[in-house]
Structure formats: structure tokens, C-alpha cells
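Subject: Structure handover

Hello,

Here is the structure you were expecting, with notes on what turned up in it. Please open it next to this email as you read.

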Amino acid sequence: MTERVTLITGASAGIGTELARVFAANGHRLALTARRADRLEALANELAATCGKKPIVIACDLQDIDAGEKIAAALAAEGVELDNLVNNAGFGVFGDAIERDRVEQVGIVDVNVRALTDLSLRFADQLIRNKGGLLNVGSVAGFLPGPGMAVYYASKAYVISLTEALRAELAPRGVRVTVLCPGPVPTEFQARAGVGSGHDTALLNVPAAVVAEQAYRGLMANKRAVLPGLGIKIVPFALRFFPRGFILAATSRFQRQRR
């Protein structure tokens with residue numbers, strides 16, 4: 001029988017690393033991919049020591065157009081198939097879209113949208129065959145317009161929409177599909193995005209390890225969406241009571257406070 005693995009993208013830091021730890025602790029063999037090979041190897045060695053079999057390490061930049069081909073080839077070479085796919089990789093940049101580097105912002109689309117879509121569709125047949133699961137990492141930002149991080153917010157709106165649609169299509173075929181929508185999580189994301197520390201979001205912050213544990217349980221329970229933390233759970237509900245123009249202005253003020 002072909003060995004089954006869980007593929008986790010963006011596993012070298014933050015929520016991705018914690019997701020790898022949670023899946024490994026629950027007996028899943030892993031395949032890990034991210035840009036930084038040294039971090040992946042260190043994580044793989046840690047998991048091998050604590051949980052058994054060493055994960056497959058695939059150093060790959062999802063901004064590359066052939067990233068999906070590289071990942072598929074690496075998995076085929078190991079003789080494994082996916083029973084779970086976790087599309088965690090993603091990044092954003094802070095600042096007005098017209099003032100930030102255009103190539104960098106298109107890179108957000110490459111990772112957060114194109115690569116996530118490619119992998120979700122590329123491995124769908126394996127997930128169906130193995131009655132597995134698909135976990136896509138969105139964000140509470142996906143429920144909002146995002147002046148100050150326009151492309152990032154829009155990319156996460158896409159992730160939520162696509163994941164919910166795939167859930168409807170794949171559920172009859174026995175695949176669990178869940179979208180994870182965390183709020184601010186203390187990781188390297190903020191530093192890479194260039195987000196300042198001028199606004200306290202402690203009320204919404206949930207540690208990455210807690211987010212990962214809730215995401216795993218949600219996927220295994222086949223929840224449509226996981227929103228870690230009470231403050232985050234309120235956001236989609238509260239948005240129903242405010243005009244879109246008000247939400248846009250409020251988000252813009254919030255983003256300016258983060259500079």
C-alpha cells in the first residue's frame with residue numbers, strides 16, 4: 001500500500017511549524033515545504049526525535065511558477081500520496097498598494113492565491129482516493145477590505161471563497177475541507193510585512209501553537225471554518241450590522257495606527 005503523508009507548506013516558521021508539530025504528534029507522517037531548507041531540516045530532525053519517522057523535506061519557493069511540479073515530483077520520488085494537504089504558506093506587505101513594490105505584491109498573489117489553488121487542485125484526486133482533508137489558511141482579514149494591505153486582504157478573501165466552494169464539491173467524495181481564519185498571531189509575519197508596533201492587538205492575539213491545535217481539531221471534525229479566539233469569532237458576525245463604507249473607513253483607521 002502506498003504510504004500516505006500530510007503536506008504542509010510554509011512549515012519553516014510560525015503557524016506552519018506548529019501545525020507540523022500537531023500533525024506529527026497525532027501520528028501523521030509529514031512532508032514539509034518552505035524556502036528555508038536549514039529550518040526545514042531542523043524541524044524534521046526535531047519531529048523525528050520526538051514523534052518517530054522523519055518528515056520528507058522539500059525546499060521550494062512557492063513564488064516559482066513550477067513549484068507545484070517540483071513538489072509533486074519530490075513526493076512521487078518518495079513513493080507517497082497525500083491524505084492531508086495544508087496550504088499554510090503566505091505573506092503580506094504593509095503600506096499603500098500604489099507605493100509598495102509591484103513585483104513583491106504580485107508575489108503575494110503567486111503564493112497566497114496561485115500556489116494554493118495549484119496544490120489544492122493538483123492533489124485533489126489523492127485526497128479523494130484517500131478520503132483525506134484539505135486545510136487552507138485564510139485570515140480574518142479575508143472578511144474585510146484592507147487599505148494599507150490591500151493585496152493581502154484580497155488574497156485571503158479569495159482563500160475563504162475558494163475553500164468554501166471546494167468544501168461543497170469535495171464533501172460528497174469524502175474529503176474534509178476547512179478554512180482557518182486566525183487574527184493577529186505573534187509570528188515572523190509582522191516583521192516581513194513591515195507592520196509597526198503602534199497598535200496593541202493583544203485582545204485578538206492567539207499563540208501560534210493554540211491556533212494550530214484548534215485548526216487540527218477543526219479539520220478532523222470537518223468544520224467549515226476555524227476562527228481561533230473569542231475576539232475573532234465575533235468579527236464575521238459583527239460585520240453584518242455595519243455598512244460596507246463604515247467598515248472600509250474603520251479598517252483604514254486601524255491600519256494607519258499600525259504604522
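Helices (H or I, at least four residues) and strands (E, at least two) are DSSP runs, numbered from the N terminus. By that count the protein has 10 helices and 7 strands. This is a predicted model, in which local features need pLDDT of at least 70 and side-chain atom pairs count only at pLDDT 80 or more, while totals for chains, interfaces and linings use all residues. Residues are numbered from 1 along each chain as its sequence is written, and side-chain values use heavy atoms, with hydrogens and water left out.

Overall picture

Of the 259 residues in the protein, 50% are buried (under 20% relative accessible area; exposed is over 50% and partly exposed in between, with a 1.4 Å probe and protein chains only). Contact means heavy atoms within 4.5 Å. Taking contacts between residues at least 6 apart in sequence, 72% join residues at least 24 apart.

Cores

A nonpolar core here is a set of buried Ala, Val, Leu, Ile, Met, Phe, Trp, Tyr and Cys residues joined through side-chain atoms within 4.5 Å. The largest one has 37 residues, and Leu-7, Ile-71, Leu-75 and Leu-82 have the most contacts inside it. At least two residues of this core come from each of strand 1 (3-9), strand 3 (56-59), helix 3 (67-78), strand 4 (80-87), helix 4 (102-122), helix 6 (150-170) and strand 6 (176-180). Not counting residues up to four places away in sequence, Leu-7 touches Ala-31, Thr-33, Ile-71, Leu-75, Leu-82, Asn-84, Leu-85, Val-86 and Phe-123. Another core, of 26 residues, lies apart from it and includes Ile-8, Leu-47, Leu-135 and Leu-219.

Helix 1 and helix 8

Helix 1 (residues 14-25) packs against helix 8 (residues 208-220) at an angle of about 55°, and their axes are 8 Å apart. Axes are lines fitted to C-alpha atoms, for helices over the stretch in contact, and angles run from 0 to 180 degrees between N-to-C directions. The two helices are therefore oblique to each other (under 35 degrees is roughly parallel, over 145 roughly antiparallel, 65 to 115 roughly perpendicular, and the rest oblique). From helix 1, Gly-14, Ile-15, Glu-18, Leu-19, Val-22 and Phe-23 meet Ala-208, Ala-209, Val-211, Ala-212, Glu-213, Ala-215, Tyr-216, Leu-219 and Met-220 of helix 8. By class, this contact has 12 nonpolar, 1 polar and 2 charged residues (Ala, Val, Leu, Ile, Met, Phe, Trp, Tyr, Cys and Pro count as nonpolar, Asp, Glu, Lys and Arg as charged, and the others, Gly among them, as polar).

Tyr-216, in helix 8, counts as buried at 9% relative accessibility. Tyr-216 and Leu-19 are 197 residues apart in sequence but 7.4 Å apart in space, C-alpha to C-alpha. Leaving aside neighbours within four places in sequence, Tyr-216 is in contact with Val-22, Phe-23, Asn-26 and His-28.

Helix 3 and helix 4

Helix 3 and helix 4 pack at an angle of about 40°, with axes 10 Å apart, which makes helix 3 oblique to helix 4. Gly-68, Glu-69, Ile-71 and Ala-72 of helix 3 and Asp-118, Leu-119 and Arg-122 of helix 4 make the contact. It has 3 nonpolar, 1 polar and 3 charged residues.

Ser-120 is also placed in helix 4 and is buried, with a relative accessible area of 3%. Leaving aside neighbours within four places in sequence, Ser-120 is in contact with Leu-85, Asn-87, Leu-134, Asn-136 and Leu-166.

Regards
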